[in-house]
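Here are my notes for someone opening this model for the first time. Please read them with the structure on screen.

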Amino acid sequence: MQMRPMTRVLLGLACLLVAVWLVAPTLVVVPMSFNENKSLAFPPQGFSTQWYANFVNNPDWSSSFINSLKVAVLVAILAAIVGTLAAFGLDRMKSRASGLLRMVLLTPMVVPGVVLAIGIYAVYLDMRLVGTLPGFVLAHTMLAIPFVLIAVTASLEVFDKRLELAATSLGAGRLTTFRTVTLPLILPGILSGLLFAFVTSFDEIIVSLFITNPYLRTLPVQIYTSITRDADPTVAAVGTILLFTTTIVIGGGLLLFARERRT
Amino acid sequence: MAENKQVGRGAAIDIRSVSKVYGNFTALDNVSLGIRPGEFMTLLGPSGSGKTTTLNVVAGFTEITGGNLEVGGSSVVGIPAHKRNIGVVFQHYALFPHMTVGRNVAYPLALRKVPSAEREKRVKQALEMVKMSDFAHRYPSELSGGQQQRVALARAIVFDPPLLLMDEPLGALDKKLREWLQLEIKRIHRELGTTFVYVTHDQEEALVLSDRIAVFNRGRIEQVGTGRELYDEPQTLFVARFIGDSTVLRGQANSDGTSTAISIAGETVTMDKRLPGNGAPVLLLRPEKLALRRRGNGQGESGLNRLSGTVTEAIYLGSGSKYEVRLKDGSTAIVRSPLGEQSFDIGEAVEVTFAGADAKLLADDSTADQTLT
Amino acid sequence: MTSSPLVETDPGRVIARPEPAAKRTRKPLGPWLLVMPALVLLVAVLGYPLVSVTMRSFAEPDWGLQNYTWFFGTPVNLIVLQRTFAISAWVTLVCVICAYPYAFVMTAVGPKVRLVLVLCVLVPFWVSGVVRTLSWVILLQDSGVINTMLRGAGLSPVRLIRTQTGVVIGMAQVLLPFMILPLYSVMRGIDLRLVQAARSLGARPSKAFFSVYLPLSLPGVYAGAVIVFILALGFYITPALLGGPRSTMLSTLVQNQVLSLLQWGRGGAMGVVLLVSTFILLALAAPLMRQRYKQAGSR
């Protein structure tokens, strides 16, 4: 589209500002994490790695990290399986029924977090699931299924089902066809669903805040309580660690995906 | 596969009164067709006529709702597609994008647990047969459409199926490539000696390739025969219209049992033929059975039928000329005259002549035109 | 030939084939079996809890509409309800204003720059939400980055944390990707030749933009705005950490009723109000979203 030079400059500037606004604020945790004082006031004073040491040594922090990891891994696997099965089922259903069901399965994305949280809390109180691993895994899996469903559906949509027919004609039974043709071709979708499910669980806070108890506390809950209770720069250290690990994991995933695409 | 060269090792197919009904739509209506071992049979028809459904039924992709189907002498009804050992080539190639050409072709052998040395040898042979040996390590996305289809063909024949089904395999390719691949397919059929069943809506392609052609219309087979039989002796108006050009005339018919006279817009033509059935007949004439001459230009040979008209189109074809003549009743006659005959101009008043023996009398079928357009 | 076996839905009518009944029924039932685990989980961990919250809002402490009459009869609640909608509207507006030029630039630049812009949008997705809110606390607090810089420049500090402005700034940043992505997907499909056509017919650039491009991009704006608004309505963490008593949103009130006051009925009633508002909005927005699909389909 033709634009006047002035318009061009203004647009570029606006875009740059938005990009900075999206990315820069998060980076502020990095300098704060090396603060010498036990304070989150800006600018940080001196240089110290004590908050990283605290993250590793303080059981409140390390155990909540382990808990989050445990829950997220289980959720990723469970949600990937359940979500993939559902995506296949919807794919093979008559269009009207599948459209409705798909909407139903996506509702966790739009239900306000707190409403869901008090509901789950109420039910978990009755069933003694508060502060338990199964409790966390079930709730987070439910929240993660939409992401798996979306990712797998997207790759099923581009998957050419005539390939299954071709495999059948060449002598492959149902299972063999699935294993040798369907699965390898939709694997990127399943893997990205798995990743989304992991992140969803690892990052989930609202429901976790309600169903947590001193015995089982996840990392976001620990961060949240730390922020509300005192100005402990350990949160900044944790934030920095999370920022870099996720960047590396996702960056690696993107690279892998890009290479996969090329072939 | 020179050492495997043998004739007649294909499977016979016997389709007996097969029906396929979807809800209230009848895709196949009591279809019967026998295919001989090693034969190249083409299923020809417009879209929706049932030819692809027939192919899918034989392949095992579609369950039949009535009748029986035998491949190689035994019924395959209820046998799933992957146990039928039938090669299928699809219109859109259906090569596995995550496997190289070599692995695609080896796929059916791996499923059959063929030892790897033997597997390699047969993959090589199959790729040689389709002239794709140099591409074994490429991925399908790196190949052109024609190359992909040749790989698909190699994959469908590598496990030596006694029957190969092809569903408009050349439909997505351009004309030049299509004509060349037609000859390739013919050669491969000759070398393999297996039964080929080929689906197409292109009558020229059917004529080039086939031993016999089955013409489909509205879920039924109209006629089965060689290309020549279908052209010279069409049994139905639909077949006549679908294969080759033809002039179709309708008029008032009178038959005395041995000969028939038809009056068309005041002119009467006669022939020593009986009426087919009891409905109003149509008169069918192939372009090369018709001749043209200037009107009022003396008396022609006696015994020839004459219809007067005006030339509306004259096309020079190199090997001769093709004319369209508007007859008095408004219908159009298509005339092909060989090279060296006198030529006519558009607008000229002419007479179309033909021998009564060359005319075909067929039962009228008003649906023939509908399905064709 | 339209009847490929792939698209056929076999009604399972087999006359000629003497087959066990089990195999015949597997076809239509199979897909349902595959969806079942997800559905069961959804009913157990989403459906049942929501139903039980709704029940409690009518049943505790006594049966009746008491909790709803209390909710709509207490001025503070109505103020918070109004504020929740107002903040969501502000956040949506900020998102639209910021996302529109950004998404447009994404469609106009080369592939390399586009990749950078896409990554910038995705960063908020993969950085933990709590950490991002923490960053905003550090930035906006009285001794935060912004006020330190203002003081350094000799200006008087502004109060940002525990104000509505702070909440809107933080929420908008978190929700911006949900606005940019749908906008981008719609803008990418707009045929720029239409704008050229308008120009060739004599429209000035601004006129061509407002009469051709903007209307074509509106479905993307609607879709993004609906998503952002709905997500903003239910926001909890950001307002809780960045907001103060004068910027409380409905979610915080719900949490307060249930966890601090143990008023399940009242909390439930508030939750139901929030839930119903969300679904009403979704239903209202559905036609707009459908319009978007229609356009995408005709591309």
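This is a predicted model: local features need pLDDT of at least 70, side-chain atom pairs count only at pLDDT 80 or more; totals for chains, interfaces and linings use all residues.

**Notes on the model**

1. Start with one segment of chain C. Residues 167–187 are 100% helix and 0% strand.

2. UniProt (unreviewed entry) places "domain: ABC transmembrane type-1" at residues 81–285 of chain C. In the model this span is 81% helix and 0% strand. Its end C-alpha atoms lie 20 Å apart.

3. Now look at a helix pair within chain C. Helix α7 (residues 164–188) and helix α9 (residues 205–233) of chain C have axes that come within 8 Å. The axes cross at roughly 155 degrees. Because angles over 145 degrees count as roughly antiparallel, α7(C) is roughly antiparallel to α9(C). The crossing is right-handed.

4. Which residues make the contact between α7(C) and α9(C)? On the α7(C) side they include M171(C), L175(C), F178(C) and P182(C). On the α9(C) side, G220(C), G224(C), I227(C) and L231(C) are among them. By class, this contact has 15 nonpolar and 4 polar residues, and no charged ones.

5. Chain A is helical in its secondary structure. It has 12 helices and 0 strands. Its C-alpha trace spans about 70 × 65 × 30 Å along the principal axes.

6. Chain A touches chain C. Here 71 residues of chain A are in contact with 70 residues of chain C. Helix α1 (residues 5–27) of chain A gives the most to chain A's side, with 11 residues. How does that side of chain A divide into nonpolar, polar and charged residues? The counts are 54 nonpolar, 11 polar and 6 charged.

7. One helix pair spans these two chains. Helix α6 (residues 113–127) of chain A packs against helix α11 (residues 250–260) of chain C at an angle of about 20 degrees. Their axes are 9 Å apart. Angles under 35 degrees count as roughly parallel, so α6(A) and α11(C) are roughly parallel to each other. The crossing is left-handed.

8. The residues behind that pairing can be picked out by name. From α6(A) come V114(A), V115(A) and I118(A). They meet S251(C), V254(C), Q255(C) and V258(C) of α11(C). This contact has 5 nonpolar and 2 polar residues, with no charged ones.

9. UniProt (unreviewed entry) places "domain: ABC transporter" at residues 13–243 of chain B. The span is 36% helix and 26% strand in the model. Its end C-alpha atoms lie 25 Å apart.

10. 7 bridges join β1(B) to strand β2 (residues 25–35) of chain B, and the two run antiparallel. V21(B) stands opposite T26(B) in β2(B). The two strands form a hairpin with 2 residues between them. G23(B), in the turn, has a positive phi of about 55 degrees.

11. β1(B) has another partner. It is joined by 5 bridges to strand β4 (residues 66–71) of chain B, and that pair also runs antiparallel. I15(B) stands opposite L69(B) in β4(B).

12. Further along chain B there is an open sheet. It has 3 strands in the order β11-β15-β21, with antiparallel pairing. β11 (247–250) and β21 (360–363) of chain B are the edge strands, each pairing on one side only. The twist averages 35 degrees from one strand to the next.

13. One pairing in that sheet can be checked by residue. β11(B) pairs with β15 (residues 281–285) of chain B over 4 bridges, in the antiparallel sense. The partner of R250(B) in β15(B) is V282(B).

Note on methods:
Residues are numbered from 1 along each chain as its sequence is written. Chains are lettered from A and ligands numbered from 1 in the order in which they are written. Two residues are in contact if their C-beta atoms, placed from the backbone, lie within 7 Å. Ala, Val, Leu, Ile, Met, Phe, Trp, Tyr, Cys and Pro count as nonpolar, Asp, Glu, Lys and Arg as charged, and the others, Gly among them, as polar. Two strands pair if DSSP finds at least two bridges between them. Axes are lines fitted to C-alpha atoms, for helices over the stretch in contact, and angles run from 0 to 180 degrees between N-to-C directions. Angles under 35 degrees count as roughly parallel, over 145 as roughly antiparallel, 65 to 115 as roughly perpendicular and the rest as oblique. A crossing is left-handed if the near helix is turned anticlockwise from the far one by less than a right angle, and right-handed if clockwise. UniProt positions are given in the numbering used here, feature names are shortened, and annotations may be inferred rather than shown by experiment.
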